[in-house]
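Here's a friendly walk through one structure, taking salt bridges and helix packing in turn. Have a look at it before reading on.

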Amino acid sequence: MSDYTADKSAADQPINGFKPLSNADGYSLPTTGDDLSRLSARGDFSMANGIPMEEVDDDDDEEEVEEDYVAVDHDDINEFPYWFRRPPVHQRTKLDELHPFVQVLTVSNVDDCVNVESAFPEQERCSRDKFVYRLNRCPELCLGLFTLPILGEDEPKPRPTLVGHIVATRISTPFVTDKAMELPANWQTERMTVVNGETIGHDEYGGTIAIHSLAVLPEHQANRLPAPHDHLVPFYESFGFDNRGPSKCQFGGGGWTNLIAPVPTSQEFLDVVLSRTQRQLPTQIRAGFKISRIRGFYTRKVKYTQETFCEKFQAILDGFPRLQDIHPFHKDLMNTLYDADHFRIALGQVSTAKHLIETVSRDYVRLIKYAQSLFQCKQLKRAALGRMATICRRLKDPLVYLEQVRQHLGRLPSIDPNTRTLLICGYPNVGKSSFLRSITKADVDVQPYAFTTKSLFVGHFDYKYLRFQAIDTPGILDHPLEEMNTIEMQSITAIAHLRSAVMYFMDFSEQCGYSVADQIKLFHSIRPLFANKIVFLVVNKIDVRRPEDLEPEYQQEIESILKSGDVEMLQLSCTTTEGVTNVKNAACDKLLAERVAQKLKSGTNSSGTPGGRLGDVLARIHVAQPMGGVQRETFIPEAVKNLQKYDKNDPNRKKLERDIEEENGGAGVYNIDLKKTYDLADDEWKHDKIPEVWNGKNIYDFVDPDIEQKLAALEEEEEKLEADGYYDSDESVEDVEDADTRMKADLIREKRALMRNDAKMRKSLKNRAQIPRSAKAKSLSQMENALEEAGYDVDAASARARSKSQTRGRTATRDADGDDAMDIDMSDPRQAIAKAKGRARSQAATNRLLDGVTDTTARSKADRLKKLGQKKMNRMARAGEADRHTTASLPKHLFTGKRTIGKTQRR
């Protein structure tokens, strides 16, 4: 269920051939966000009760079942990401009828999740508000198992049904706590809620994946799907989780268990793979079966074992970071802690084992193909699995080493090399951890002795609505780089690779155990690492001794450091908190200004003109300027300048509408006068009443007596403007050439559409008999249209076709018109129907033996191919496609009579 703390005894034991992890004990840091993919990908490794190698080779193999595939409506593939499964190799169950697929949950699935959560007891269920919170904050950690029925041709697409879900969040603690299960009160407005140093709910900087809900619909729990509300610890252990004892979490009444997912050892690897092969494949075979079936049975065993080994090995390789693909800071940090060469060797041995197992499988599958008996196939299978097991046992030390690396990686802090960063460095015991604890909520150990901090610690804080990270580095001593230990090299790696504001802490009181001269000397030693960075010289413990109290020679050295201009001195005291906030604000302001300046500089070209993303942003911003270059100064009216702050006790204050209301009886009695603010020529007109009838006429019916003359003048002006072409635009005027081009373009588009339709028709006829173009009948109207489009005279060709369609003498049938290569169109469809009905029933419309055949040679060739294709069918006495035979649903000789004593083999 979560990551776990390293076993100190395991860290202290050396590993054969590999460098033991330095600084592995004493780690209590939260896991990194990069470990997310490793934990989720490694959930496959199980610690099930494996079956020994000798027991796998028994003869109790199950019978083969017919392979069954699931057909999926391909129109739904873009909408629902199906996982096309392998054909089931077990007896068919209800689970096979679900046709499941997996996809990430979203806020639209909240109601489905609430429905699935009914599988839990009421006190253990996740509330709807928590689902909304988790699916908004971390949907990438929430997966759903959906089902969708197989769709027919015209059936509408239904909504997929959620069968089960897994809902998880990130936390910064090794195990799930009650705080991680709670819902933050103001999660919609606050990014993170921290109480007493512990994050409430989802911690986006946490490195542990906490599974809060694994639920399955009650109606599907009988289909061999787990019921997660039962405490099935062995079920989780079979998937590779390790039982770490009872949990302190009291959600839903308590009784929970801490479970983690480690890298298995070599023996556990063998147990997992062999037991999976035994469970997933058939387990029965007989010597009397066909040799091809026996070969296929054992070939399947060898290939499935090889695939399982390779799948597990690939999961390990994908779970660990590739040094060439990560940030240089993380790369050098891993080299410092684990020795990159040993790390590569361990991963290389796993990769080599994967390739060796693939080679063994390929060789033995080739040998099984030529085996002549069940005994030979079985012995080859045993040899193949034995060689694979030997290769896996040789990975004992690399797997133990990688498990230790994984545990140590899980405790490294989550450091973002590209965000806003304050890097705190200096001699040991100068107050670095105290400053980090003062500005952040990081739980850093602060002690009055040197080297309290042995690794990198990270804290986060907000300044001007932006998230900053502050990194506390271990103390550095002034000696050559080659003599520095692993603890000091972590600080050097951070200073060299992180883009940050460096805060070099100094203790002028010398309570840290190092003199001021040594601290100044260390600053000059590591100053080359400060290149292109903002540097602050932070003087701590000013409540004991200030810079003014230093000896003159030390003051001169400090002034020489500050004289260059790229170093700024700040003062504070973590004990009295004097200047802590000012130091933090000054460092953040300068860091923000520097980052903005670098972005502006990187976004401009050599001429100084903004380009790239900066240019795109500035192009969308327009600042209006006065026309003609006129400079307009700011003008503030005198009345606005003379405005005074409203004071209720001032007798000369401005009288508000509320004051007038109180003077005239208060609310409900006083009625506000809206007309007193009217802007009219004479203030006496404000309260005049507008009459509805004046001089016996309706005031609203008043019409200007000159309205007709004004309207006529306006129409005359419009006609004159239209005649002068005032309203004509250049686009509406089209010359002859443009019109001709437009007409030709329309003809081309029409011709392309016809050609496209003809091509579609030809594709649709691929499965039908192909008739040569010379044998296809064409109507007279089609010929006339084609000749007219080509620009030929159609009269002569039409007359010739009509003359050929007329036969001489009396026809052999009652049909008045003869059948020729070209038929005359009938304008009346009723005549065509009558003509078809007039033919004799025994006479076909066309001669099926001659239709579509160009000459007698092609006809004889077709007959010869027909007889040749029928020859084998006739010799085997099998029914052909033209034979029609209905078998009896209940054969009488099998179902009639009483069953007697004796063999029933004939049945």
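This is a predicted model: local features need pLDDT of at least 70, side-chain atom pairs count only at pLDDT 80 or more; totals for chains, interfaces and linings use all residues.

Let's begin with a term: a residue is buried under 20% relative accessible area, exposed over 50%, and partly exposed in between, using a 1.4 Å probe and protein chains only.

Residues are numbered from 1 along each chain as its sequence is written, and side-chain values use heavy atoms, with hydrogens and water left out.

**Salt bridges**

A salt bridge here is a side-chain nitrogen of Lys or Arg within 4 Å of a carboxyl oxygen of Asp or Glu. The whole structure holds 21 of these salt bridges, including the following pairs.

| Pair | N to O distance |
|---|---|
| Arg527 and Asp566 | 3.4 Å |
| Arg546 and Glu578 | 3.1 Å |
| Arg653 and Asp659 | 3.8 Å |

Arg546 sits in the loop between β13 and α17, and its partner Glu578 is 32 residues away in the loop between β14 and α18 (580-602).

What about the pair of Arg653 and Asp659? Arg653 is partly exposed at 30%, whereas Asp659 comes out buried at 12%.

**Helices against α12**

How do α11 and α12 cross? The axes of helix α11 (residues 340-368) and helix α12 (residues 374-393) come within 10 Å and cross at roughly 175°. Axes are lines fitted to C-alpha atoms, for helices over the stretch in contact, and angles run from 0 to 180 degrees between N-to-C directions.

Contact means heavy atoms within 4.5 Å. Among the residues making this one are Leu356 and Tyr364 of α11, along with Leu380 and Arg387 of α12.

Helix α8 (residues 266-280) also packs on α12, at an angle of about 150° with the axes 9 Å apart, so this pair is roughly antiparallel as well. Here Phe269 and Leu270 are among the α8 residues that meet α12, whose side includes Leu385 and Ala389.

Notes:
Helices (H or I, at least four residues) and strands (E, at least two) are DSSP runs, numbered from the N terminus. Angles under 35 degrees count as roughly parallel, over 145 as roughly antiparallel, 65 to 115 as roughly perpendicular and the rest as oblique.
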